[in-house]
Amino acid sequence: MTKICLITCYSGTIPDYFPLWLKTIRNNSTIDFLFVTDDDTPYDYPDNVKRLIMPFEQVRERIIGLFDFKAELNTPYKLCDYKPAYGEAFAEYIKDYDFWGYCDIDVLWGDMRKFLTEDLLSRYDRILTRGHCSLFRNNPDVNKLYRTLTASGCQCYRDVYLTNENRAYDEWAGHLGWGISEIFRRHGVSQYDEKVYLGPNFLKARMHFEEDQEKGTEPYIVSCEDGRIFANYVKNGELHKKEYMYFHFQKRVPVIDARIGDNFVFLPPNRVKNLDHEITLSDIKNWQSIKGIYTFPIRFRFQQIKKKLFVRK
């Protein structure tokens, strides 16, 4: 079986929803995770998660030491741009793996091996192209492509790393001049880019499929059942259920009911509750009812305006 390790760097206080991430990782015992953090809170880490306690300053020095210029990495959020460099920065921890990758913690995992098949892993050097989850074939040539390929009209890694501004270099970033995913595409690097994940727009209270996913459907409910992630939705008046590799809830900070079990649902906009029965059409309709006002979009827009007005260029 192809050996896989996913790397996550997180500096600061780990959020309250972190045990959900660990719970869904536990169901994927054949995939390992390297979690680099400066938070030593004693969570119940599964056997396939290696926690590496490392202050942000040490992570910073490990990464910027790769370059022959003065790279900027002054805040943990800037780490997003450096994710493609993790294969080199943490080389000693992934040397025994066939693939390494990076991922975020605002993710609930389903049956990962169902989607990361041996056939798929044999045919591509990169699997998935978004910042919340991406895998690379683990060899020196592939691991340094982020800095050896010419920019070809996209953002140059050197320019990205010379600014402390976040440039979304770890993914497509078309709105910022294109990132590593587009550079790979223009150079013909073999990368698999099917949307095997759920990633609803966090500015909308209800969860909708992306435009190029399911057509003609109503908003969906996410369920985690027996280690698998499903979108449960109504189409033409009938209940449908489709499996995905993972759910990226992003800025929908979950409000979690006490003592969540192995099976649960993620309801709009951000509530997590236990699931103790087979989901019905009536459930979907009832769960789509949202009480009160979803205020996050207002706060998010305000912060964006504030940033533009007050952050120094």
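Buried means under 20% relative accessible area, exposed over 50% and partly exposed in between, with a 1.4 Å probe and protein chains only. The views below show a predicted model, in which local features need pLDDT of at least 70, side-chain atom pairs count only at pLDDT 80 or more, and totals for chains, interfaces and linings use all residues. Residues are numbered from 1 along each chain as its sequence is written, and side-chain values use heavy atoms, with hydrogens and water left out.

**View A. Phe 202 and Phe 296 form an edge-to-face pair.** The ring centres of Phe 202 and Phe 296 are 5.7 Å apart and the planes stand at 70°. Rings of Phe, Tyr and Trp (its six-membered ring) pair if their centres lie within 6.5 Å; planes under 30 degrees apart count as stacked, over 60 as edge-to-face and the rest as tilted. Phe 202 lies in the loop between strand S9 (197-198) and S10, and Phe 296 in helix H13 (residues 296-310), so the pair ties together parts 94 residues apart in sequence. Phe 202 is buried, at 11% relative accessible area, and Phe 296 is buried at 14% relative accessibility.

**View B. Trp 21 and Phe 35 form a tilted pair.** The structure holds 37 aromatic pairs. In the pair of Trp 21 and Phe 35, the ring centres are 5.6 Å apart and the planes are at 55°. Trp 21 belongs to helix H1 and Phe 35 to strand S2 (residues 32-37), 14 residues apart. Trp 21 is buried at 1% relative accessibility, as is Phe 35 at 0%. Both residues belong to one aromatic cluster, whose members include Phe 18, Tyr 43 and Trp 109.

**View C. Six strands form an open sheet with mixed pairing.** The strand order is S12-S11-S10-S15-S16-S14. Strands S12 (238-244) and S14 (255-256) stand at the edges with a single partner strand each, so one side of each is left without a neighbour in the sheet. Helices (H or I, at least four residues) and strands (E, at least two) are DSSP runs, numbered from the N terminus; two strands pair if DSSP finds at least two bridges between them. Strand S15 (residues 264-267) pairs with S16 (residues 271-274) in the antiparallel sense over four bridges, and Leu 267 stands opposite Arg 271.
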